[in-house]
Amino acid sequence: MRLIETRQAAAQATAHCADLEVVARLAAVIKDARLDCGCKPKLDETLARFAMLERRRTARGHLFNARSHREQIEAILFFLNDLDELETTEQDHSVYVDIALLFDDIANIAREGAYSMRQLSATVEDDRGMA
């Protein structure tokens, strides 16, 4: 279940980036249209504001995803507390594999969280560059 949620979050982040690309392409097409009306400055201003709002929405999505990953890791850490009572003489050896899988889950989720934070950093940098 956690892996599915992580992949969905990554897909949403990718969709947000695609949305920003659409806004940029739309702005380029309108700029190339060479409109000769008095509304051109207002249109440019509106497009710039819309692009800024989309970048902020994307940034919030990345931060939300990173927080979600942290929450998932916290939940897994709760189960890793069982490691303190584990002995090398455990009768059920599958418990060792189960704990290894928990560590694997943390590693995968942490990677996704790191990706979200890098995307957030890039989005914020883009937003600063546009301001």
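Modeller: Before we read the fold, a helix here is a DSSP run of H or I with at least four residues, a strand is a run of E with at least two, and both are numbered from the N terminus. With that in hand, the chain reads along its sequence as α-α-α. Please keep in mind throughout that this is a predicted model.

Biologist: In which helix is confidence lowest?

Modeller: For the chain, the mean pLDDT is 84, and 82% of the residues reach 70 or more. Where pLDDT is low, the predicted coordinates should not be read in detail. Confidence is highest in helix α3 (residues 94-130), at a mean of 92, whereas the lowest mean, 66, belongs to helix α1 (residues 2-32).

Biologist: Which element gives the most residues to the largest nonpolar core?

Modeller: The largest nonpolar core has eight residues, namely I73, I76, L80, L86, I99, L102, I106 and I109. Two elements, α2 (40-80) and α3, each give two or more residues to this core. With four residues, the element that gives the most is α3.

Biologist: Which residues does I73 touch, if those up to four places away in sequence are not counted?

Modeller: I73 is one of the residues of the largest nonpolar core, and I106 and I109 belong to that core too. Leaving out residues up to four places away in sequence, I73 touches I106, I109 and A110.

Biologist: Is F103 buried, partly exposed or exposed?

Modeller: F103 lies in helix α3, and, leaving out residues up to four places away in sequence, F103 touches L80 and L83. Buried means under 20% relative accessible area and exposed means over 50%. Because its relative accessibility is 43%, which falls between these limits, F103 counts as partly exposed.

Biologist: Which two residues form the aromatic pair, and how are their rings arranged?

Modeller: The count comes to one aromatic pair, made by F78 and F79, with 5.5 Å from centre to centre and 80° between the planes. F78 is exposed, at a relative accessible area of 57%, while F79 is partly exposed, at 45%. Planes over 60 degrees apart count as edge-to-face, so the arrangement of F78 and F79 is edge-to-face.

Biologist: How far apart are the closest N and O atoms in the salt bridge between E54 and R57?

Modeller: A search of the whole structure finds three salt bridges. Because E54 and R57 are three residues apart in helix α2, they are separated by about one helical turn. E54 is buried, with a relative accessible area of 12%, whereas R57 counts as partly exposed at 28%. In this salt bridge the closest N and O atoms are 2.6 Å apart.

Biologist: What is the N to O distance in the salt bridge of K42 and E45?

Modeller: Being three residues apart in helix α2, K42 and E45 are separated by about one helical turn, and both are exposed. A salt bridge needs a side-chain nitrogen within 4 Å of a carboxyl oxygen, and for K42 and E45 the N to O distance is 3.9 Å.

Notes
Residues numbered from 1 in each chain as written. Heavy atoms only, no water. pLDDT = per-residue confidence, 0-100. Buried < 20%, exposed > 50% of the residue type's maximum accessible area, 1.4 Å probe, protein only. Contact = heavy atoms within 4.5 Å. Core = buried A, V, L, I, M, F, W, Y, C linked by side-chain atoms within 4.5 Å. Phe/Tyr/Trp six-rings, centres within 6.5 Å; stacked < 30°, edge-to-face > 60°.
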